[in-house]
Amino acid sequence: MAASVQEQAGASETGIDACDVVVVGAGFGGLYALHKLRENGLSVRGLEAAPDVGGTWYWNRYPGARCDVPSLFYSYSWSPELRREWRWTNRYAGQDEILRYAQFAADRLDLRRLIQFDTRVVSATFDERSERWIVETDHGGRLTARFVIMATGGLSVPNTPDIPGVADFKGEIFHTARWPQEPVNFEGKRVGVIGTGSSGIQAIPMIAQAAKQLIVFQRTPNFSVPARNRPLTDEDHRSFDEGLEAYLASLEQSDFGRVPPTAFAAEVPPRDVQWKHYEKLWQEGGSGGFLKAFPNILVHPGVNDVAADFVRQKIRETVKDPKTAAALSPEGYPFGVKRLCVDTDYFDTYNRANVELVNLREEPIEWIAAAGVDTAKRSFDLDALVFATGFDAVTGALLAVDIRGRDGATLKDAWSEGPQTYLGLTVAGFPNLFTITGPGSPSVIGNVITNCEYHVDWITECVTHMRRHGLATIEPDEEAQVAWGRHVAEVADRTLFPKANSWYLGVNIPGKPRVFMPYIGEGYRTTCKEIVADNYRGFTFGVSADRERAAAE
Ligand code: NAP
């Protein structure tokens, strides 16, 4: 039986709670970190702002919230037991089922006793004398730890645009990423939704079914493909089990390889061949097939254009009103380089009599009044307003904590021109601080659960290595970090990703530096492994001050 929070965290000389590792966040990354590090004999403590586990799946409970990665894959890959004991019901799991899975994992692994809920970390300061982090919470709590793991998630700080007048609105206001616990009833109501990213595209068809009237305020149309969600069959489960070994092996080799070595390396198939393939993928549903349809789809403008044309054609075929269809058709940026949305009946929803699309390119929102939204041309009276306006992604939750490393330097200052990390895991000047799915790693691209797992495994191996060799601190060298940052940017620049104003680049947040944050190169895991095998190339380890003193005496 594992020790409780109190048993795990001993009292230090200073009287402050002390443990080996503080894990901030109890989403999938944080839960696995707590489990794995405890298994390896470390005393661990979890701090979580929400009242429960689940991270982004705790908060994003808006109608229609569903994962766009197939549920059989959006699960912990490391545990045969959990796999055996949990059975997904749908091809794409809804938020409630994913949250239940996180709760099940936390209970099954006996993790709750390690976590202090309803507790937000406000600061983490590296004390150079003791070589320990001092972590402070919004309850005034303080604890010290040798290591801090920021498992705070890439999509956890909601972005609410500062639209003038919003405080005057007399109706109800919601944000998809802070949806209330209790059911929201839109029946008989006039509802406005601002935002048409993945969250808006999932919520809009559901709200349209419930509300008397739905007004969608769209600034930028998005590419979206059908989910074709359906219940999983015994055959689906059997075929997943049969392919499991190969799937696990594929994760080990390379988790993400969308970028061929040269932009035009792969051949360009004839347009009709591409079209036919897209038609097949459209009928199958899901985004994964599209993003890998051709090796150069996210690199070669000619190949990418065909995919974009294909989706625009589908929109025209689906949406009856040509003006609405045109407004819903993404133009001017490539296909798939903003997160490709996956929907159920999204475009068809605009054929409903109670739904209207307002194209903010033609009539921007000027004001939110007590009664509703005023655009440059019209006033819309509303009973409720839903912000589906996304997140301060990837760096938002890290910078929300006042993190101070050597010489009192703040992470905020260190990242004032954009995040700098080594492997998306560590930051120069911030010893023993690890970021799970941090900027400069695959992060929010692909399957975030397996991205989290890999980081936890890497950190555990590193911490175990340090304990074995009596090492007190690890931090990346400035040069290694700069070289990695350059590589992350170079890889992105070989693709079409920087050609869209996406949250991957931080452009959705006013004042945020325009830096492509995820690493989209091939063989990330192989690189990380090679660095470890090369005696942690690019890292410097520190021997504990006590040992140094002992050696000198
Ligand atoms: P998002 O993709 O950033 O979309 C935000 C939307 O709000 C955009 O349409 C944006 O328009 C609009 N917006 C922002 N500020 C605005 C303003 N001042 N006035 C008018 N419109 C404004 O956010 P999201 O939809 O929450 O999705 C974020 C990410 O979360 C996704 O890309 C995905 O990775 C993840 N997610 C996944 C799923 C899933 O698994 N299916 C579901 C939901 C979310 P502009 O584009 O013009 O800025």
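The following questions and answers concern a predicted model.

Trainee: Is N60 buried or exposed?
Mentor: N60 sits in the loop between α3 (56-59) and α4 (80-85). Beyond its neighbours within four places in sequence, N60 is in contact with A65, Q95, T176, A177 and F391. The cut-off for burial is under 20% relative accessible area. N60 has 7% relative accessibility, so N60 counts as buried.

Trainee: How far does the backbone oxygen of T56 lie from a polar atom of the side chain of N60?
Mentor: A polar contact requires a pair of N or O atoms within 3.5 Å. For the backbone oxygen of T56 and a polar side-chain atom of N60, the distance is 3.0 Å.

Trainee: What is the relative accessibility of V216?
Mentor: V216 belongs to strand β10 (residues 213-218). Not counting residues up to four places away in sequence, V216 touches V193, T196, I204, Y350, E356, L357 and V358. V216 counts as buried, because its relative accessibility is 0%.

Trainee: Which elements cover the buried residues of α10?
Mentor: Helix α10 (residues 301-318) has 18 residues and spans 26 Å from its first C-alpha to its last, close to the 26 Å expected. Its buried residues are V303, N304, V306, A307, A308, F310, V311, R312, K314 and I315. Their cover includes β11 (224-226), α8 (271-284), α9 (288-291), α11 (322-328) and α12 (346-349).

Trainee: How much of the accessible area of the ligand does the protein cover?
Mentor: Of the 23 residues around the ligand, R66, D68, S199, R219 and T220 come nearest. Oxygen atoms of the ligand are 2.9 Å from a polar backbone atom of T196, 3.0 Å from a polar backbone atom of S198 and 2.9 Å from an N or O atom in the side chain of R219. On its own the ligand has 910 Å² of accessible area, and the protein covers 87%.

Trainee: Which helix gives the largest share of the shell around the ligand?
Mentor: S199 is among the residues that come nearest to the ligand. The largest share of the shell, three residues, comes from helix α6 (residues 198-210).

How values were computed
Residues numbered from 1 in each chain as written. Predicted model: local features only at pLDDT ≥ 70, side-chain atom pairs only at ≥ 80, totals over all residues. Heavy atoms only, no water. Helix = DSSP H or I, 4+ residues; strand = E, 2+ residues; numbered from the N terminus. Buried < 20%, exposed > 50% of the residue type's maximum accessible area, 1.4 Å probe, protein only. Polar contact = N/O pair within 3.5 Å; in protein donor to acceptor, adjacent residues only side chain to side chain. Contact = heavy atoms within 4.5 Å. Expected span 1.5 Å × (residues − 1). Near = heavy atom within 4 Å. Areas by Shrake-Rupley, 256 points an atom, 1.4 Å probe, with all protein chains shown as cover.
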